[in-house]
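This report goes through a protein model, one feature at a time. Please look at the sequence and the structure first.

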Amino acid sequence: MSMFHKAYIPYGGYYTTPFAKWQGSLQNENSIQLGARSSKKWFELKKLDPNEELDYLYLGITIGQKSIFYGSSWASTMMGAPDVPGRR
């Protein structure tokens with residue numbers, strides 16, 4: 001029996017930015033820029049307007065880095081949704 005037998009995620013209704021091993025091949029990438037770029041590509045692939053689809057952006061991060069203070073609004077702007085509010 002699966003431990004997630006009560007979980008339900010609608011098909012195509014999910015997205016996550018890339019995960020990487022600490023100090024791996026993405027160690028020099030800014031995670032906010034990487035997440036925003038990959039999210040923008042996903043929205044384009046699905047032919048969705050992020051300004052229409054998103055109500056709010058919540059940025060979760062475990063390791064602080066440059067530009068994290070305004071990271072959620074910076075990410076939403078890079079994704080093509082400059083009017084979407086957010087917080088970290």
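In which helix is S76 found? S76 sits in helix α3, residues 71-79.

## Basis of the report

The model is predicted: local features need pLDDT of at least 70 and side-chain atom pairs count only at pLDDT 80 or more, while totals for chains, interfaces and linings use all residues. Residues are numbered from 1 along each chain as its sequence is written, and side-chain values use heavy atoms, with hydrogens and water left out. Helices (H or I, at least four residues) and strands (E, at least two) are DSSP runs numbered from the N terminus.

S76 counts as buried because its relative accessibility is 0%. Buried means under 20% relative accessible area, exposed means over 50%, and partly exposed lies in between (1.4 Å probe, protein chains only). Contact means heavy atoms within 4.5 Å. When neighbours within four places in sequence are left aside, the contacts of S76 are L57, A81, P82 and V84.

## Helix α1

Helix α1 covers residues 31-45. Its 15 residues should span 21 Å at 1.5 Å a residue, and the end C-alpha atoms are 21 Å apart, so the two values agree. The expected span is 1.5 Å times one less than the number of residues.

At the N-terminal end, α1 is capped by N30, with a side-chain oxygen 2.9 Å from the backbone nitrogen of I32. Within α1 lies S39, which counts as buried because its relative accessibility is 7%. The side chain of S39 reaches the backbone oxygen of G35 at 2.7 Å. Such a polar contact is a pair of N or O atoms within 3.5 Å; within protein, one must be able to donate a hydrogen and the other to accept it, and residues adjacent in sequence count only if both atoms are side-chain atoms.

Which residues of α1 are buried? They are I32, L34, G35, A36, S38, S39, W42 and F43. The cover over these buried residues includes α2 and α3.

The largest nonpolar core has 11 residues: I32, A36, W42, F43, L57, L59, I68, A75, M79, A81 and V84. At least two residues of this core come from each of α1 and α3, and α1 gives the largest share, 4 residues. A nonpolar core is a set of buried Ala, Val, Leu, Ile, Met, Phe, Trp, Tyr and Cys residues joined through side-chain atoms within 4.5 Å. In soluble globular proteins, nonpolar side chains tend to be buried together. Not counting residues up to four places away in sequence, F43 touches L48, P50, E53, L54 and M79.

## Aromatic pairs

How many aromatic pairs does the structure hold? There are 2 aromatic pairs. One is W42 with F43, edge-to-face, at 5.3 Å centre to centre and 75° between the planes. W42 is buried because its relative accessible area is 18%, and F43 counts as buried because its relative accessibility is 8%. F69 and Y70 form an edge-to-face pair as well, with 4.7 Å centre to centre and 85° between the planes; both residues are exposed.

Rings of Phe, Tyr and Trp (its six-membered ring) pair if their centres lie within 6.5 Å; planes under 30 degrees apart count as stacked, over 60 as edge-to-face and the rest as tilted.

## The salt bridge

The structure holds 1 salt bridge. The side chains of E29 and R37 form it, at 3.0 Å from N to O. A salt bridge is a side-chain nitrogen of Lys or Arg within 4 Å of a carboxyl oxygen of Asp or Glu. E29 counts as partly exposed because its relative accessibility is 35%, and R37 counts as partly exposed because its value is 41%.

## Loops and positive phi

Most residues other than glycine have a negative phi, and most peptide bonds are trans. K47 is not a glycine, yet its phi is positive, about 55°. K47 follows α1 and is found in the loop between α1 and α2 (50-53). Is K47 buried or exposed? K47 counts as exposed because its relative accessibility is 74%.

S67 also has a positive phi, near 70°, and is a residue other than glycine. S67 is found in the loop between β1 (57-58) and α3. S67 is partly exposed because its relative accessible area is 38%.

## E52 and V84

E52 is placed in helix α2 and counts as exposed because its relative accessibility is 64%. E52 and V84 are 32 residues apart in sequence, while their C-alpha atoms are 9.3 Å apart in space.
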